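Colleague: I'd like to learn how to read a model like this one, feature by feature. Could you walk me through it?

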Amino acid sequence: MALSIGIVGLPNVGKSTLFNALTQAQNAESANYAFCTIEPNKAVVPVPDPRIDKLAELVKPQRVQHSTVDFIDIAGLVAGASKGEGLGNKFLGNIRETHAILHVVRCFDNDDVIHVSNSVDPMRDIDVIETELILADVQVLDNRIERMKKQIKGDKSLGAKIAVAEKLLEHLNEGNPANTYGDLESDIMVELLRDLRLITAKNLIYCANVDEDGLTEDNEYVKKVKALAEERGAEFVKISAKMEEELVGLDDEEYKEFLNSYGVTESGLAKIIRTGFHSLGMISYFTAGVKEVRAWTIHNGDKAPRAAAAIHTDFERGFIRAEVIGYNDYVTHKSEAACRAAGVLRSEGKEYVVKDGDVIHFLFNV
């Protein structure tokens with residue numbers, strides 16, 4: 001399962017710079033003017049996880065495969081985007097395909113980097129973007145309601161769904177995102193959201209983009225964004241897109257020294273990946289053999305057969321049992337054979353809930 005994160009924000013807030021840094025590929029043009037990104041850029045990025053590196057060190061496989069995240073860099077949105085202003089709502093459609101949204105907000109002053117509104121105001125910028133996302137969802141929901149009303153003569157069961165949709169539409173029209181609606185767990189609502197893929201129903205991560213001085217201490221801009229995230233129950237990360245771009249191409253030793261020089265212990269990529277996984281309730285388990293050591297992404301709480309389906313649906317369909325070794329046990333004993341001899345390899349059935357970091361071998365028959 002690949003986690004996908006759409007990067008949104010006003011033009012020229014550092015989105016493309018961040019995209020360049022996060023993907024370690026300079027394929028999203030970065031320039032000091034609005035709308036420099038004119039097509040959505042997508043890149044598949046490996047998830048940094050020291051555990052898989054340690055397993056590879058012990059197993060010495062032919063290849064190593066990390067979990068991945070699809071980053072999608074959307075062209076800068078402006079007021080009126082939902083009605084086609086700027087680069088229009090074609091880019092809003094790309095956001096609908098993602099699992100989460102990373103909202104990049106400029107939180108630094110620099111007269112050499114122009115702002116589309118000619119001043120730095122994170123709260124104003126957030127409001128502009130979120131208003132456009134809500135308006136885009138209003139259009140989608142309104143269209144679906146009209147369609148269902150035309151279909152209800154032939155399907156009376158649509159009445160309940162229309163009633164729920166109209167209540168959600170009222171919530172949106174009051175300027176509220178879908179993910180703040182009171183009842184999101186009902187069967188009708190779950191089905192409605194799955195079909196519509198409303199943008200404002202997605203998990204949101206506020207990303208405060210600071211200059212180098214803002215890394216060690218939160219400035220007033222950052223404090224406001226962080227407070228808003230806490231108020232809304234959203235995730236928050238602080239990064240310096242410019243610094244992240246400078247990390248590209250450094251070897252491991254230079255990379256660590258560079259981070260230390262700024263008083264930080266992990267890159268923006270690691271922060272965003274970790275936050276994205278947390279917000280979506282994702283975990284990783286591992287398979288470890290001489291051909292491949294690989295991380296697999298699943299939902300926290302998945303049972304063994306469902307986790308096996310991440311490898312292949314046949315593994316779930318013909319599931320027999322799972323041979324499981326805890327990550328710490330594997331590292332302690334250094335091999336599957338040694339873990340088996342020490343009695344720490346467990347045989348688990350269909351009801352076993354997979355834990356983050358489990359090293360698993362599935363037995364199946366189809």
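Colleague: Let's start with helix 5: how many residues does helix 5 have, and what span does helix 5 reach from its first C-alpha to its last?

Modeller: Helices are DSSP runs of H or I with at least four residues, strands are runs of E with at least two, and both are numbered from the N terminus. The expected span of a helix is 1.5 Å times one less than its number of residues. Helix 5 covers residues 158-173, has 16 residues and reaches 22 Å, close to the 22 Å expected. Please keep in mind that this is a predicted model, where local features need pLDDT of at least 70 and side-chain atom pairs count only at pLDDT 80 or more, while totals for chains, interfaces and linings use all residues. Residues are numbered from 1 along each chain as its sequence is written, and side-chain values use heavy atoms, with hydrogens and water left out.

Colleague: Which residues of helix 5 are buried, and what covers them?

Modeller: Buried means under 20% relative accessible area, exposed means over 50%, and partly exposed is in between (1.4 Å probe, protein chains only). In helix 5 the buried residues include Leu158, Ile162, Ala165, Leu169 and Leu172. Their cover includes helix 4 (122-151) and helix 6 (187-196). After helix 5 comes Gly175, with a positive phi near 90 degrees.

Colleague: Where does a positive phi turn up in a residue other than glycine?

Modeller: One of the places is Lys60, with phi near 55 degrees, in the loop between helix 2 (50-59) and strand 3 (63-65). Lys60 counts as exposed because its relative accessible area is 66%. Asn12 is not a glycine either, and has a positive phi of about 70 degrees. Asn12 sits in the loop between strand 1 (3-8) and helix 1 (15-23), and counts as buried because its relative accessibility is 19%.

Colleague: How do I read aromatic pairs, and how many are there?

Modeller: A pair of aromatic rings is described by the distance of the centres and the angle of the planes. Rings of Phe, Tyr and Trp (its six-membered ring) pair if their centres lie within 6.5 Å; planes under 30 degrees apart are stacked, over 60 edge-to-face, and the rest tilted. The count here comes to 5 aromatic pairs. Among them, Tyr285 and Phe362 are edge-to-face, at 5.8 Å centre to centre with 85 degrees between the planes. This pair links distant parts of the chain, with Tyr285 in strand 8 (residues 282-288) and Phe362 in strand 12 (residues 359-364), 77 residues apart. Together with Phe319, they form one aromatic cluster.

Colleague: And the nonpolar core: which residues touch the most other members?

Modeller: A nonpolar core is a set of buried Ala, Val, Leu, Ile, Met, Phe, Trp, Tyr and Cys residues joined through side-chain atoms within 4.5 Å. In the largest one, of 57 residues, they are Leu18, Phe71 and Leu102. Another core, of 19 residues, lies apart from it and includes Leu141 and Tyr181.

Colleague: Last one: how many disulfides does the structure hold?

Modeller: A disulfide is a covalent bond between the sulfur atoms of two cysteines. Here the cut-off is a pair of cysteine sulfur atoms within 2.5 Å, and the structure holds 0 disulfides. For Cys207, the nearest cysteine sulfur is that of Cys107, 8.7 Å away. Cys207 counts as buried because its relative accessible area is 0%.

Notes. Contact = heavy atoms within 4.5 Å.
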